[in-house]
Amino acid sequence: MKKKAETPHTPKDKRYNKTKIKLSVISAVYSFLLLAILAFSGISHLAYDIAKSIVGIPNEYLVFLVFVAIAAVLFAILTLPLDFYISYTVEHRFLLSNQTLLSWIGDYIKSSLLSAVIGLIISFVFYFFLRFSDNYWWIYFGFFMFVIIV
C-alpha cells in the first residue's frame, strides 16, 4: 500500500495554526467567564425580571424561554467582536477567505438564528426534565443530549 505524500508545513501554516489555537482557547475562557458572570451576578436576576415583565402572564415555561433568549442575545452581542476577529479578520489576514463583510454578516445572522432555534429547544427540554424528574433529571437530559449529538 502506497503512503500518501505529505506536504511540508510552511511557517505561514504554523503561524495560522498557532493563532487559531490561541484564539480558540481565548474564546473558550471568555465564554466561560461570561457564563459565570451571568450565573453569579445580578444580571441573571435582572434578565429574569425582564422576561417576566415581557411575558406578563404566570407561565413558567414561557418566562424561561424568554429568559434564555435574552441571555443568548446578550451573549451573542458580547462575543460578536471576538467571533468577527476569529472568523473574518484572521481568515483574511492569512488569505484564506475572499468573503465580503456583507456576506459574513449574513452568514453570522443565519448561524445565530439556527443556533437560537436549536438552543431554545434544548433549553426547553432541559427545563422540562429539571421540573418533572426530581433527582434524575440529569440522567434523562444526558440521554437526550446523547441521542441528539450522536
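**View 1. Ser123 and the residues it touches.** Leaving aside residues up to four places away in sequence, Ser123 is in contact with Phe64 and Val68 (contact means heavy atoms within 4.5 Å). Ser123 sits in helix α4; helices here are DSSP runs of H or I, at least four residues, and strands are runs of E, at least two, numbered from the N terminus. With a relative accessible area of 16%, Ser123 is buried (buried means under 20% relative accessible area, exposed over 50%, partly exposed in between, using a 1.4 Å probe and protein chains only). This is a predicted model, so local features need pLDDT of at least 70 and side-chain atom pairs count only at pLDDT 80 or more, while totals for chains, interfaces and linings use all residues. Residues are numbered from 1 along each chain as its sequence is written, and side-chain values use heavy atoms, with hydrogens and water left out.

**View 2. The largest nonpolar core.** Nine residues make up this core: Ala47, Ala51, Val55, Val63, Phe64, Val66, Phe67, Val68 and Tyr127. A nonpolar core is a set of buried Ala, Val, Leu, Ile, Met, Phe, Trp, Tyr and Cys residues joined through side-chain atoms within 4.5 Å. Helix α3 gives the largest share, five residues. Take a look at Ala51, which touches Val63, Val66, Phe67 and Ile70, again not counting residues up to four places away in sequence. There's also a second, separate core of six residues, with Tyr16, Ile86, Val90 and Phe94 among them.

**View 3. Helix α3 from end to end.** The buried residues of α3 pack against α1 (11-40), α2 (43-55) and α4 (101-132).

View 4. Just past α3, Leu95 has a positive phi of about 55°.

**View 5. Stepping back.** The protein has five helices and zero strands. Its C-alpha atoms fill a box of roughly 60 × 40 × 25 Å, taken along the principal axes.
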